[in-house]
Every structure is written in structure tokens, then in C-alpha cells.
Amino acid sequence: MGSNEFMKPLLEKVYYEGCPGCCVDQKKEVQTGLPIKEVFCIWIVTLSVTLPISSLFPFLYFMIRDFNIAEVEEDISYYAGYVGSAYMIGRALTSVLWGVVADRYGRKPIILLGTSTVLLVILIFFRVIFNTVFGFSVNYWMAIVTRFLLGFLNGILGTIKAYACELLRDEHQALALSSIGTAWGIGLVIGPAVGGFLAQPAEKFPSLVSSDSLFGRFPYLLPCLCISIFALVVTIVAFWLPETLHIHKENEVESASSVPDAEEKTDDKKNSTLITLLKNWPLMSSIVVYCVFSLHDMAYTEVFSLWAVSPKSLGGLNYTTKDVGTVLSITGAGLLIFQTALYPIAERTFGPIMVARISGVLSIPLLTSYPYIAMLSGSMLFFTLNCASIVKTLLSVSF
């Protein structure tokens, strides 16, 4: 088929034989009812990415302490910051790259790469290995490297949003995108619970796990192993996901949303488009604001966990991994309820920009109250801390 066929009217759809994207589009044309199976697959893929991020924080302080790298107790949080940020540094360095690869070679390979971390052409479950090795970490640098590789080889979050829009009909795209946000919220519930309750099992469950057993010698292996097994299951399920990228006769690769407009663009046009994007101030300002408050949100999650487990002599709460896991799980549950029930109402009433402004203003006095929360004790401390953590997370999500 010649390239002239791309010049047909937009309303007249052209499907190419052997093109996976066209095959998906044809199925969408006759699709009826709610695409539960597709939405569920998108949901579990996103969940598999969230769990390794959030499960770390309840036990990170104790893990760094056991490495004996900090000369004094006050330095534990300093070293913990590098391990916690290694995952996100790896993701930041390669997110754009994986987006480009997904546009050129397909969404499915990136999804599989993110859940299994395939090296070259050999299917090895490096995500499973890396996440499990993190639990085996016997030194500080091994922990940093393995966490960095987890993020470096993971480009799912951006790809899965494009995939969700291409896989489902227009009327179901909002549902698909909201399932991604819901999976993130549920990951913030399950991840800290897994990390908090399953870390140091020999201390929590001495009748079930002896100090000489595998999980006794490696006290942070069990939560990592559980998440790795889940990632393995998700990887197997992801093999049955359909590809949505359009790959046509002359090896022209394009997204599903751009099938009618497949004319080759010159370098000048591409440069012009890039400059136009950079000059689009509403777009760039929204990206900057999102970056700043994403940094703010992740920094809070990590700093909060370190503060909660620090001894009272250093201004902390002297919490255990179980306590931190409980607080973060309750916070995640509040986030889930807010995202599904309350935020849509607030957004319709005030608009997204006003909601973001209000959230930014309210975050300031809330954060300044945390030193005073440390002065409380008992049930009053637990209640106040949970309320503050929930409100802080809800304000961050509003951005």
C-alpha cells in the first residue's frame, strides 16, 4: 500500500494487515461493555511498580544501621537518603529514553522490561533478582547499586499511561487512567504494610522464624522476596498483553493517535516542534510544578519514615517498622478514598488550578506542626500523626 493512503479523510479509517496497533483498533470498534480484563491488567502492572518504591521506607533506617556504615547514630538518616533516592535517580535518567524506545519499538517491550528487567535478548527476571538482592545486601554500596538498577531499567509509568489510552475506547480512557492512580494509592497501602510487617521476622515472629534461618540472617529479605514473586506473576501475565503501537509496511512506527498523519517530518520541522513545545509556557509551567511537588511528596515520604523510627533523643518517635508500616498504610487508604470519592467533587467545584493553590498554601502550616507532634505520646500521638500524614498526602495528591 502506498503512502498516499494516509491522505484519506480522518473519518475513513485504514487498517493494515499485520499491524498490532490496527488489530487493537479493530477490536475496539466492536468492543461492548466495560473492559474489565484490560483495566485489571493495567492496574496490576502499575501496582508492581509502586510496591518496590513504598515498601522500602519502613525498614530503611534499621537496614542502614545494620550496615554499620554510620559512625554515629545521627548519620544514619544521611546515608539512608542516598539509598532511598537511588531508585528515583535511575528512573529520572532513563524515563525519556524508555519513552522514545516505546514510541519506536512498542509499548509491550517496555512493560515487560519494567516488570522483568530483561537484559539484552535473554529473558532473565532481573527485577526479581535485583529486588531480592536488595534484601540480601551485606553492604551499603550494594544496596545503592541494586536500587539504582531497579529504577534505571524501569520505564513503565509513562508508557503505561499511553498504553491505557491506546488500548481502550475513548469513553473508557478515563477509567483506565484512574485505575493507574488507584493502583498507585493501593501500592502506598500494601507496600509499607509489606515492608513494615515482614521486615525483621525473627524479631517479630520468633516462634516461626529463628535467628539462624535464612530470613533471620537476612532480616529484610522477606518483604523484597514477596514483592519479587508478585513481579514475576505480573511479568507472566504481561506476556498476553496486546501491542498497541502501529507498525506499518515500510517500517513506519507511530502511535495509535497519529495513524492518519504519517508523513515524514524533516529535521527542521522536528526542531521547530521542539522549540514550540519549550515556548509553550502553560505546558512547561505545569511540568515544573509537577516536578517540584513530586520531589516534595517523595521527600516527605522518606523523611517521615526516617523521623518516625529515629530515637526520641534525636527528636524522632522511636517507632518500629511495624508502626511505620501501619501509619503509611492508613495514609494510603485515606489517599485511595480521597482519589476515588472526594477529589472529583473538589475539582468540579473549584477547578484543578485552585485546588492546587489551596493545597500548596495549606501544606506550609501543616509541615511546621510536625516538631510539635513529636512532643505527644501514646494514643494521642498515634491519632494526630495519622491525621497529619493523611492530610499531607491528600494535599500533595491535589497537585
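**View 1. Asp 66 is partly exposed, with a relative accessible area of 37%.** Keep in mind as you look around that this is a predicted model. You'll find Asp 66 in helix H3. Its side chain makes a polar contact of 3.4 Å with the side chain of Arg 65. If you skip residues up to four places away in sequence, Asp 66 touches Pro 219 and Tyr 220. Now look for Ile 76: this residue is ten places from Asp 66 along the chain, and their C-alpha atoms are 9.9 Å apart.

**View 2. Helix H3, residues 57–67, is largely enclosed by the rest of the structure.** Why say so? Because nine of its eleven residues are buried. Among them are Phe 57, Pro 58, Tyr 61, Met 63 and Phe 67.

**View 3. Helix H7 covers residues 140–152.** From the first C-alpha to the last, the 13 residues of H7 reach 18 Å, close to the 18 Å expected at 1.5 Å a residue. Which residues of H7 are buried? They are Tyr 140, Ala 143, Ile 144, Thr 146, Arg 147, Leu 150 and Gly 151.

**View 4. Here's a nonpolar patch on the surface, formed by Phe 350, Met 354, Ile 358 and Leu 362.** Together these residues have about 370 Å² of accessible area. Helix H16, residues 352–368, gives the most to the patch, with three residues. Take Ile 358, which sits in H16: this residue is partly exposed, with a relative accessible area of 36%.

Key. Residues numbered from 1 in each chain as written. Predicted model: local features only at pLDDT ≥ 70, side-chain atom pairs only at ≥ 80, totals over all residues. Heavy atoms only, no water. Buried < 20%, exposed > 50% of the residue type's maximum accessible area, 1.4 Å probe, protein only. Helix = DSSP H or I, 4+ residues; strand = E, 2+ residues; numbered from the N terminus. Patch = residues over 30% accessible without salt bridge, like charges linked within 9 Å, V, L, I, M, F, W, Y side chains within 5 Å. Areas by Shrake-Rupley, 256 points an atom, 1.4 Å probe, with all protein chains shown as cover. Salt bridge = Lys/Arg side-chain N within 4 Å of Asp/Glu carboxyl O. Expected span 1.5 Å × (residues − 1). Contact = heavy atoms within 4.5 Å. Polar contact = N/O pair within 3.5 Å; in protein donor to acceptor, adjacent residues only side chain to side chain.
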